[in-house]
Amino acid sequence: MIFVLEKFPRKKTWQAVSDSLLTKGYVVTGPQCLSKFSGLKRTYKSIKDYNNKLGNGPRTWMYFNIMDSIIRTKPYMKPIATVSFTGVKNYATNNETVSNVASETLSCELPRKKLRQIPTVDKVVLAIRQNKTIDEENRERRHREKMEQKKEAHDLLSR
């Protein structure tokens with residue numbers, strides 16, 4: 001199943017995500033999935049905005065790359081076009097439409113939409129599991145190192 005489907009009702013999309021997660025053993029509802037994803041989007045946008053400001057050291061987040069691949073080009077993250085006025089006052093007369101005035105005073109070239117593969121739920125779940133495995137391995141390694149240090153300190157004190 002494709003993670004984000006265009007022209008598919010939002011409620012049905014999140015219910016499909018919920019159903020897919022249920023087959024993987026995760027019991028969550030569609031609204032819970034929507035709520036979680038909304039929180040992930042807020043965190044992603046917050047980090048992206050912070051990192052785009054000059055003088056800030058970059059913030060990191062373990063899910064940033066996954067979220068970036070999912071929503072980087074969405075209009076609410078990167079507008080298709082922005083409008084700025086040059087200071088020239090052009091007003092539409094009764095016969096002119098505002099769009100004619102706008103097209104005369106502003107030039108806006110829409111970028112071509114790049115085709116990219118949208119991650120599936122399975123890929124997102126796999127990436128999360130891989131991150132969890134790496135975290136567990138690092139935790140075990142740190143524990144072993146700490147235990148070795150304690151043993152060395154005990155040996156030194158025993159002499």
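## Crossing of H1 and H5

H1 passes H5 in a right-handed crossing; a crossing is right-handed if the near helix is turned clockwise from the far one by less than a right angle, and left-handed if anticlockwise. The structure is a predicted model, in which local features need pLDDT of at least 70 and side-chain atom pairs count only at pLDDT 80 or more, while totals for chains, interfaces and linings use all residues. Residues are numbered from 1 along each chain as its sequence is written, and side-chain values use heavy atoms, with hydrogens and water left out.

Helix H1 covers residues 10-23 and helix H5 residues 121-158; their axes come within 10 Å and cross at roughly 50°. That makes H1 oblique to H5. Axes are lines fitted to C-alpha atoms, for helices over the stretch in contact, and angles run from 0 to 180 degrees between N-to-C directions. Angles under 35 degrees count as roughly parallel, over 145 as roughly antiparallel, 65 to 115 as roughly perpendicular and the rest as oblique. On the H1 side the contact (heavy atoms within 4.5 Å) involves Val17, Ser20 and Leu21, and on the H5 side Val121, Asp122 and Val125. By class, the residues of this contact are 4 nonpolar, 1 polar and 1 charged. Here Ala, Val, Leu, Ile, Met, Phe, Trp, Tyr, Cys and Pro count as nonpolar, Asp, Glu, Lys and Arg as charged, and the others, Gly among them, as polar.

## Chain overview

The protein chain has 5 helices and 0 strands, and its elements run α-α-α-α-α from the N terminus on. Helices (H or I, at least four residues) and strands (E, at least two) are DSSP runs, numbered from the N terminus.

Of the 159 residues in the protein chain, 17% are buried, where buried means under 20% relative accessible area, exposed over 50% and partly exposed in between, with a 1.4 Å probe and protein chains only. Among contacts between residues at least 6 apart in sequence, 51% join residues at least 24 apart.

Two packed helices are described by the angle between their axes and the distance between the axes. For H1 and H2, the axes come within 7 Å and cross at roughly 100°. That makes H1 roughly perpendicular to H2. H1 contributes Arg10, Trp14, Gln15, Val17, Ser18 and Leu21 to the contact, and H2 contributes Gly30, Cys33, Leu34 and Phe37. These residues divide into 6 nonpolar, 3 polar and 1 charged.

H2 and H3 pack with their axes 10 Å apart, at an angle of about 100°. That makes H2 roughly perpendicular to H3. Phe37, Leu40, Lys41, Tyr44, Ile47 and Lys48 in H2 meet Phe64, Met67, Asp68, Ile70 and Ile71 in H3. The contact of H2 with H3 has 8 nonpolar, no polar and 3 charged residues.

In H3, 6 of the 8 residues are buried, so the helix is largely enclosed by the rest of the structure. The buried residues are Phe64, Ile66, Met67, Asp68, Ile70 and Ile71. Their cover includes H2 and H5.

## Surroundings of Met67

Met67 lies in helix H3 and counts as buried, at 3% relative accessibility. Leaving out residues up to four places away in sequence, Met67 touches Phe37, Leu40, Lys41, Tyr44, Trp61 and Arg72. Phe37 is 30 residues from Met67 along the chain, with 9.5 Å between the C-alpha atoms.

Leu40, in helix H2, is 27 residues from Met67 along the chain, and their C-alpha atoms are separated by 7.7 Å. With the residues up to four places away in sequence again left out, Leu40 touches Trp61 and Met67. Lys45 is also placed in helix H2 and counts as partly exposed, at 33% relative accessibility. Lys45 and Met67 are 22 residues apart in sequence and 9.6 Å apart in space, C-alpha to C-alpha.
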